[in-house]
Amino acid sequence: MNHVKEYRKQKGLSQMALAKEIGVARQTINLIENDKYNPSLDLCLHLAHMLDTDLNSLFWDSEDHGKE
């Protein structure tokens, strides 16, 4: 499970706003958030940059970051 939705909400971004910022369709963001799409490394890096975090925290860190 990834933390894209948590970080996106913390930044106050809609799926559409995030998608526009990184150049993908809103549906792509939705699929990533629901673990139904495996994004490329390049897309992962763009997401992490836009959400002011790193890849480990966004995709692999299983710790609860205190974000609900």
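Read along the sequence, the pattern is α-α-α-α-α, and the secondary structure comes to 5 helices and 0 strands, where helices (H or I, at least four residues) and strands (E, at least two) are DSSP runs numbered from the N terminus. This is a predicted model, in which local features need pLDDT of at least 70 and side-chain atom pairs count only at pLDDT 80 or more, while totals for chains, interfaces and linings use all residues. Residues are numbered from 1 along each chain as its sequence is written, and side-chain values use heavy atoms, with hydrogens and water left out.

Of the 68 residues of the protein, 35% count as buried; buried means under 20% relative accessible area, exposed means over 50%, and partly exposed lies in between (1.4 Å probe, protein chains only). The protein exposes about 4400 Å², of which carbon and sulfur atoms supply 47%, with accessible areas taken from the Shrake-Rupley method with a 1.4 Å probe, and for residues only the protein chains shown counting as cover. Among contacts (heavy atoms within 4.5 Å) between residues at least 6 apart in sequence, 51% join residues at least 24 apart.

In soluble globular proteins, nonpolar side chains tend to be buried together. A nonpolar core is here a set of buried Ala, Val, Leu, Ile, Met, Phe, Trp, Tyr and Cys residues joined through side-chain atoms within 4.5 Å. The largest such core has 15 residues, of which Val4, Leu47, Leu58 and Phe59 touch the most other members. The elements that give two or more residues to this core are H1, H2, H3, H4 and H5, and H4 gives the most, with 4 residues. Leaving aside its neighbours within four places in sequence, Val4 is in contact with Leu18, Ile32, Glu33, Leu51, Leu58 and Phe59.

Which residues of helix H3 (residues 26-33) are buried? They are Thr28, Ile29, Ile32 and Glu33. Seen down the axis of H3, these buried residues fall within an arc of 130°, so they line one face of the helix; the arc is that of the directions from the helix axis to the C-beta atoms. The buried residues of H3 pack against helix H1 (4-10), helix H2 (15-22), helix H4 (41-50) and helix H5 (55-60). Gln15, which is found in helix H2, is buried with a relative accessible area of 15%. Not counting residues up to four places away in sequence, Gln15 touches Arg8, Arg26, Ile29, Asn30 and Glu33.

A search of the whole structure finds 1 aromatic pair. Phe59 and Trp60 form this pair, which is tilted, with 6.0 Å centre to centre and 55° between the planes. Rings of Phe, Tyr and Trp (its six-membered ring) pair if their centres lie within 6.5 Å, and planes under 30 degrees apart count as stacked, over 60 as edge-to-face and the rest as tilted. Phe59 is buried, with a relative accessible area of 13%, whereas Trp60 counts as exposed at 57% relative accessibility.

Most residues other than glycine have a negative phi, and most peptide bonds are trans. Asp35, which follows H3, has a positive phi although it is not a glycine, and Asp52 likewise has a positive phi without being a glycine.
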